[in-house]
Amino acid sequence: MKTTKSQRQKLLSLKKREEFLLVQNKGKKWVSETVIIQTMPNDIGPSRIGFTVSKKISKSAVTRNRIKRRLRAAAADIIGVKGKSGHDYILVGRAKSETVSYEQILKDLKWCLKRLELLA
RNA sequence: UUUGGAAACCGGAUAGUCGCUGCUGUGCUUAGGCGCAGGAGAGGAAAGUCCGGACUUCACGGGAAAACGGCGCCGGAUAACGUCCGGGGGUGGUGUGUGAAAACAUAUCAUUACGGAUAGUGCUGAAGAAAUUUAGACUACCUGCUUUUGCAGGAAAAGGUGAGAAGGUGCGGUAAGAGCGCACCGCGGCUGCUGGUAACAGGGUCGGCAUGGUAAACCCCGCCGGAAGCAAAACCAAAUAGGGGCUGCGUUUAUGAUGUUCCCGCAUCUGUGGCCCGGGUAGGUUGCUUGAGGUAAGUGGUAACGCUUAUCCUAGAUGAAUGGCUAUCGAGAAGAAGCGUGCUUCUUUGAACAAAAUCCGGCUUACAGGUUUCCAAAAAGC
């Protein structure tokens, strides 16, 4: 799964708390073993993406950061290449996200997108 | 060489590929921005947020006191500290010497929240006869009375209880005893004596010397402290609502106010459009990393640390970058086999704690493994 920069669409990041709450309350949701995805269309054109790893998953900041970085890398590989543009995404980490293989995260993420009918 | 302790330091490596955030140079773009190249990018604790500062805003004429909070042997280091260094005292252990013992001297190690208990108040369980008051007679002791059980008195030397029973040892003394007397040791007060900057140590002198412990109990004494914190703070500043100024239009039909005490009339405002101004929210920029800075050499100091010269620039994010994946190597761990019994080979596993958030100095807590130095003990060799 190697992609170059030119093949990817630009992904902006979600920053405000209201935007997160909007997607969480109004958006569609699909749960897999390693990742939970929430999404809804936006009006601005390019896709935006945000990550949530709560303290319930792990009390260690090191672990939470690692989960966030793995999800960010997976999102760039999957959503950046195959996801529909013009949507807001939130990826929620789970406890298994740190230890499971990277291939498994990619697979779960793709499956979630397919179920939400967002594969381009 | 092994084990234990102390201190200092390090705390996975290399390559490929795909990315992220600043910086420098450069190209394009009206601008926002988009490319290309180069180079940089988590810790010893970044953690806990427990102390001390720098810095910022607010308050404030200066000083003092009260209240509240903190600190507390002495000297030094420092920007400062509750930190660090050196010293003193106390307590405990060990070795040596003196001694009958108690104890003292000396060396060394550890530890210490170490101002005041004679300013006052409070508390002091259980056990024990008696626990702080010039106390106390349970057993044993001595004297007298009594026939035995016992009664009266003397007495803190012995036993028992306890953390602690009011100095210890010896001699004298006595009915038995007791600092009752004496010697040595210990203790307390005083000291314009000696050494030391000082804490303190030593000496002298007085007292036969019950009057304890607790101040991380109240309290007393001395010293220190204005408050909040980078989400501090400064600047730029959209939309909406509201405020002020100028001005155009409209209306005396209605409401009220003012000029004006009442009536009438008139004017202005209360209506609405435009422009401008200031406060201020979202958002943005600055603060933001050159600093009580690092490294090296010299130098002063027992040390903490200081001084001089040279040289270097080393993260700056903000839903929060500093990475994802793959391969190789790997300190180490577990298991099996072989024999030379601590080595070899094979298999499996594959690195602790923990991630900056304005910046420094400390403290505390977490931490697999490794390196160096010093100390102690044991074994081997000489």
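This is a predicted model: local features need pLDDT of at least 70, side-chain atom pairs count only at pLDDT 80 or more; totals for chains, interfaces and linings use all residues.
1. Helix α2 has the span its residue count calls for.

2. The kink in α2 is about 35° and is centred on A75. A75 is also among the buried residues of α2.

3. Look at the start of α2. Here a side-chain oxygen of S60 comes to within 3.2 Å of a backbone nitrogen, that of V62.

4. Which residues of α2 are buried? They are T63, R64, I67, R70, L71, A74, A75, D77, I78, I79 and G80. In an α-helix there are 3.6 residues a turn, so residues three or four places apart point the same way.

5. Take L71 as a case. L71 sits in α2, which runs over residues 61-82. Its relative accessibility is 3%, and therefore L71 counts as buried; the cut-off is under 20%. Beyond its neighbours within four places in sequence, L71 contacts V35, F51, L91, V92, G93 and I105. E98 is 27 residues from L71 along the chain, and their C-alpha atoms are separated by 9.6 Å.

6. Now the sheet. Five strands make an open sheet, in the order β1-β4-β5-β3-β2, with mixed pairing. At the edges are β1 (12-13) and β2, each pairing on one side only. Strands of a sheet pair through backbone hydrogen bonds, either parallel or antiparallel. β1 and β4 run parallel and are joined by 2 bridges. In β4, I49 stands opposite S13.

7. How many aromatic pairs does a search of the whole structure find? The search finds 1. W30 and W111 form this pair, edge-to-face, with 6.0 Å from centre to centre and 75° between the planes. The pair links distant parts of the chain: W30 lies in strand β2 (residues 28-31) and W111 in helix α3, 81 residues apart.

8. The class covers values between 20% and 50%.

Definitions and conventions. Residues are numbered from 1 along each chain as its sequence is written. Chains are lettered from A and ligands numbered from 1 in the order in which they are written. Side-chain values use heavy atoms; hydrogens and water are left out. Helices (H or I, at least four residues) and strands (E, at least two) are DSSP runs, numbered from the N terminus. Buried means under 20% relative accessible area, exposed over 50%, partly exposed in between (1.4 Å probe, protein chains only). Contact means heavy atoms within 4.5 Å. The bend at a residue is the angle between axes fitted to the seven residues ending there and the seven starting there. A polar contact is a pair of N or O atoms within 3.5 Å; within protein, one must be able to donate a hydrogen and the other to accept it, and residues adjacent in sequence count only if both atoms are side-chain atoms. Rings of Phe, Tyr and Trp (its six-membered ring) pair if their centres lie within 6.5 Å; planes under 30 degrees apart count as stacked, over 60 as edge-to-face and the rest as tilted. Two strands pair if DSSP finds at least two bridges between them.
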